[in-house]
Amino acid sequence: MGNIGIMGGTFDPIHIGHLIAAETALDRCGLDEIWFIPSFKPPLKDRQPGVDSDIRYQMVADAIQDNAAFRVVDLELRRGGMSYSVDTALELSRLHPEHAFSYIIGSDRINDLPQWHRVEQLVSLVSFIGLEREGTPAEPDSLPAYIRSRLSIIAMPAIGISSTDIRNRVRLGQSIRYMVPESVRQCIEGRALYES
Ligand SMILES: Nc1ncnc2c1ncn2[C@@H]1O[C@H](COP(=O)(O)OP(=O)(O)OP(=O)(O)O)[C@@H](O)[C@H]1O
Ligand SMILES: O=C(O)c1ccc[n+]([C@@H]2O[C@H](COP(=O)([O-])O)[C@@H](O)[C@H]2O)c1
């Protein structure tokens, strides 16, 4: 029996905001492991991933390889189609009935939880750990009680970095050193990702 935190995301690319969010949840919420699950098609985003799944997966794998409590899971990439968290939660509960799962989300995602696909079923399968993210304060009071009761909000150091910023910086020829792990920076540079 383990307490597993799920860090889902597009990871296009993974950056230190994701890693610090995951480490903060691990440290503060009594979790045993964090499973990073890259989305195939993120449900509520207008923009679909610009980089192939296998490269996004590899960047995550490289970024977390020195942390024994972190692992990457390709469940959504293999499933294909829209990456609804409820489908992932059902699959995880079936494959790992011995574990309890908590979804780790940034405050930008907390506020749109009521719009998530089959959210009532989702909250019956997993709980949520919400991390305050700079620029988007969480507004838990505006959430329905059945979601609020399954959500813990924890503070994390404000990391004003997003994948959008990273892609913009690369396009403008600006440095992303230290904003992403060195392996990710080298992958982006070596494959000339995000340059146009
Ligand atoms: N700097 C950050 N601090 C805290 N949480 C973050 C940060 N960046 C992303 N997250 C959270 O990580 C999860 C996955 O995010 P995602 O992969 O979409 O990254 P993103 O940086 O928000 O991407 P994009 O800029 O392309 O929208 C979401 O729950 C998001 O709220
Ligand atoms: O299931 C949904 O409807 C849903 C809606 C929005 C986001 N999510 C999940 O939340 C995680 C972060 O999403 P995003 O869009 O910020 O990359 C990722 O695992 C998504 O699949 C899931």
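In what order do the six strands of the open sheet lie? The order is S3-S2-S1-S4-S5-S6, and the pairing is parallel. Two strands count as paired if DSSP finds at least two bridges between them. Helices (H or I, at least four residues) and strands (E, at least two) are DSSP runs, numbered from the N terminus.

The model is predicted: local features need pLDDT of at least 70, side-chain atom pairs count only at pLDDT 80 or more, and totals for chains, interfaces and linings use all residues. Residues are numbered from 1 along each chain as its sequence is written, while chains are lettered from A and ligands numbered from 1 in the order in which they are written.

**Overall chain**

The protein chain has nine helices and six strands. Its radius of gyration is 16 Å, close to the 16 Å that the globule rule gives for 196 residues, so the chain is as compact as a globular protein of that length. The radius is taken over C-alpha atoms, and the globule rule is 2.2 Å times the number of residues to the power 0.38. Along the principal axes, the C-alpha atoms of the protein chain fill a box of roughly 45 × 35 × 30 Å.

Of the 196 residues, 34% are buried. A residue is buried if 20 or more other C-beta atoms lie within 10 Å of its own, exposed if 12 or fewer, and partly exposed in between, with C-beta atoms placed from the backbone. Among contacts with a separation of 6 or more, 74% join residues 24 or more positions apart. Contact here means that the C-beta atoms of two residues, placed from the backbone, lie within 7 Å.

**The sheet and its helices**

The edge strands are S3 (70-72) and S6 (151-154), each of which pairs on one side only. From one strand to the next, the twist averages 30°. Axes are lines fitted to C-alpha atoms, for helices over the stretch in contact, and angles run from 0 to 180 degrees between N-to-C directions.

Helix H2 (residues 53-64) lies across S2 and S3 and runs at about 160° to S2.

**Ligand surroundings**

A residue belongs to a ligand shell if its C-beta atom, placed from the backbone, lies within 6 Å of the ligand. Ligand 1 is surrounded by 18 residues, the closest being Gly 9, Gly 17, Gly 106, Ser 162 and Thr 164. Helix H1 (16-28), strand S4 (99-106), helix H5 (107-110) and helix H8 (163-171) each give two or more residues to this shell. H1 gives the most, with three residues. By class, the shell around ligand 1 has six nonpolar, eight polar and four charged residues. Ala, Val, Leu, Ile, Met, Phe, Trp, Tyr, Cys and Pro count as nonpolar, Asp, Glu, Lys and Arg as charged, and the others, Gly among them, as polar.

Around ligand 2 there are 16 residues, of which Gly 8, Pro 42, Ser 85, Trp 116 and His 117 are the closest. Strand S1 (2-9) and helix H4 (85-95) each supply at least two residues of the ligand 2 shell. That shell divides into seven nonpolar, seven polar and two charged residues.

**Individual residues**

Arg 79 is in helix H3 (residues 75-79). With 14 other C-beta atoms within 10 Å, Arg 79 is partly exposed. Not counting residues up to four places away in sequence, Arg 79 touches Phe 40 and Asp 87. The C-alpha atoms of Arg 79 and Ser 39 are separated by 9.7 Å, and the two residues are 40 apart along the chain.

Most residues other than glycine have a negative phi, and most peptide bonds are trans. The peptide bond from Asp 12 to Pro 13 is cis, with omega near 5°, and Pro 13 is in the loop between S1 and H1. Tyr 178 has a positive phi, near 75°. Tyr 178 is in the loop between H8 and H9 (182-190) and counts as exposed, with 10 C-beta neighbours inside 10 Å. Tyr 194 also has a positive phi, of about 65°. Tyr 194 is in the segment after H9 and is partly exposed, with 19 other C-beta atoms within 10 Å.
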